[in-house]
Amino acid sequence: MLEIYATGLCRGSTIGVCYGRNADDLPTPDKVAQLVQLHKIKYLRIYDSNIQVLKAFANTGVQLMIGISNSDLLPFSQFQSNADTWLRNSILPYYPATKITHITVGAEVTESRNNASSMVVPAMKNVLTALRKAGLHKKIKVSSTHSLGILSRSFPPSAGAFNSSHAFFLKPMLEFLAENQSPFMVDIYPYYAYRDSPNNVSLDYALFESSSEVIDPNTGLLYTNMFDAQIDALYFALMALNFRTIKIMVTETGWPSKGSPKETAATPDNAQTYNTNLIRHVINDTGTPAKPGEDLDVYIFSLFNENRKPGLESERNWGLFYPDQTSVYNLDMTGKGAVSMTTETNVTSSNGTWCIASSTASEMDLQNALDWACGPGNVDCSAIQPSQPCFEPDNVVSHASFAFNSYYQQNGATDIACSFGGSGIKVNKNPSYDNCLYMTTGSNKTAASNATALASTTTTSAANGSFAWTMSCLLMALFSFL
């Protein structure tokens, strides 16, 4: 999976993930924090301020976007004391150990049954005032998320315009965003545009795969994908109201891996293609035709499949992971194209290569990766237990090397299977020593007991699809890929 390292010298586009919890049998927040750290996901959106989640992400370095639900807009908008109390009880005890960077006040309010639009701006102002009292108003940005339905017109992009029926709350909200340098947050789903209008939208155009271009007749700008066209429609809508300084942040986008019989485009391959192309597009700071090179922060929906969501089958299948923490499909976060999935029938020889722990990796990263490999990664780690052949030397580098290699060999000896968030490296010399025998592909030996090695995992193997979310800078970026 994808990983991002960035220095403080420059600011580039970022990729995050939405962590919804509307599902049964999800891992505990502590385990989710471990999974997120393993895959070097640096930005996470949650939809509330759940105390267990905030505690779990303390001292992880993961930056959180937290939410205030639509059902709480009324009390937050009515009384400043409600916002003050919430901040004092739900945020301040965990900050800054838990890095909170954004607060979303309401979510897609114009789409909700009980339209709470009139409460959004008063609630946002009260939340900001509470932050100001705590001295955090410059460190935590306040905004609200919207669906693309907030536009009355999105094509061509240059004709983008907000729905006039929302003007009563849009204007004060945009003034708030501009004054406080907060982003305009929007949820963008090319999948729905294709699903609902396949005769007008090609699948390739929705998946960033189009070989042809759509021309905006007013500007002459050329569009090769729907994502860019929808972003630019928003930029033009903002400019039409003379809000030229507000940046756009995509707080949800993605593609479902499974759908009802009529949702033929909801497949693992299409989900993999969309998200891979999206990541490549974002981390390269490509920008859009109207805003070339413009930074764009994007959150992929979502971390897990959520089986309690109502609606069509696709609604429950947007996740990158199943609740057991295995991957729904693999992603290539280098931006070089889709990775072919590894199965038991196409595992190739290791060709004389092994995977060991990198000497430059931190002990915490190695321990997190080791814990994952011996847990969700399904590696037999009995050989590194006390009195077993690979226990000595008793240190995390040695133990991680054994576990990394076992996972690597069991999962096709691919580059991705030796990634571990940048903590694994491939070597050509067999690292076996004394009675500690390192596995090779096709071998049925483990150092512990020469027992049959665990069968290769399928496409749902979590680390085989390990991906790290990458941030690039216009002038300088350091990429580290799993």
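How many helices and strands make up the secondary structure of the protein? The count comes to 12 helices and 18 strands, taken as DSSP runs (H or I of at least four residues for helices, E of at least two for strands) numbered from the N terminus. The model is predicted: local features need pLDDT of at least 70 and side-chain atom pairs pLDDT 80 or more, whereas totals for chains, interfaces and linings use all residues. Residues are numbered from 1 along each chain as its sequence is written, and side-chain values use heavy atoms, without hydrogens and water.

Of the 482 residues, 56% count as buried (under 20% relative accessible area with a 1.4 Å probe, protein chains only; exposed is over 50%, partly exposed in between). Contacts are heavy atoms within 4.5 Å. Among contacts with a separation of 6 or more, 74% join residues 24 or more positions apart.

The structure holds 13 salt bridges (a side-chain nitrogen of Lys or Arg within 4 Å of a carboxyl oxygen of Asp or Glu). R45 pairs with D187, with the closest N and O atoms 3.8 Å apart. R45 lies in strand β4 and D187 in strand β10, so the pair ties together parts 142 residues apart in sequence. R45 is buried, at 1% relative accessible area; D187 is buried at 4%. R195 forms a salt bridge with E263 at 2.9 Å between the closest N and O atoms. R195 belongs to helix α7 and E263 to the loop between β13 and α10, so this pair links parts 68 residues apart in sequence. R195 is partly exposed at 26% relative accessibility, but E263 is buried at 4%. Salt bridges with shared partners join R45, D187 and E252 into one network.

D228 sits in helix α9 (residues 226–240). D228 is buried yet has no salt bridge; the nearest side chain of opposite charge, R280, is 11 Å away. Here Lys and Arg count as positive, Asp and Glu as negative; His and the chain ends are not counted. The D228 side chain does make a polar contact with the side chain of H281, at 2.8 Å (N or O atoms within 3.5 Å, one able to donate a hydrogen and the other to accept it; residues adjacent in sequence count only if both atoms are side-chain atoms).

D228 and H281 also line the largest cavity, along with residues including F227, G287 and T288. α9 and α10 each supply at least two residues of that lining.

Technical notes: 1 Å grid on protein atoms, 1.4 Å probe; cavity = no way out; pocket = protein on both sides within 12 Å on 5 of 7 lines; lining within 4 Å.
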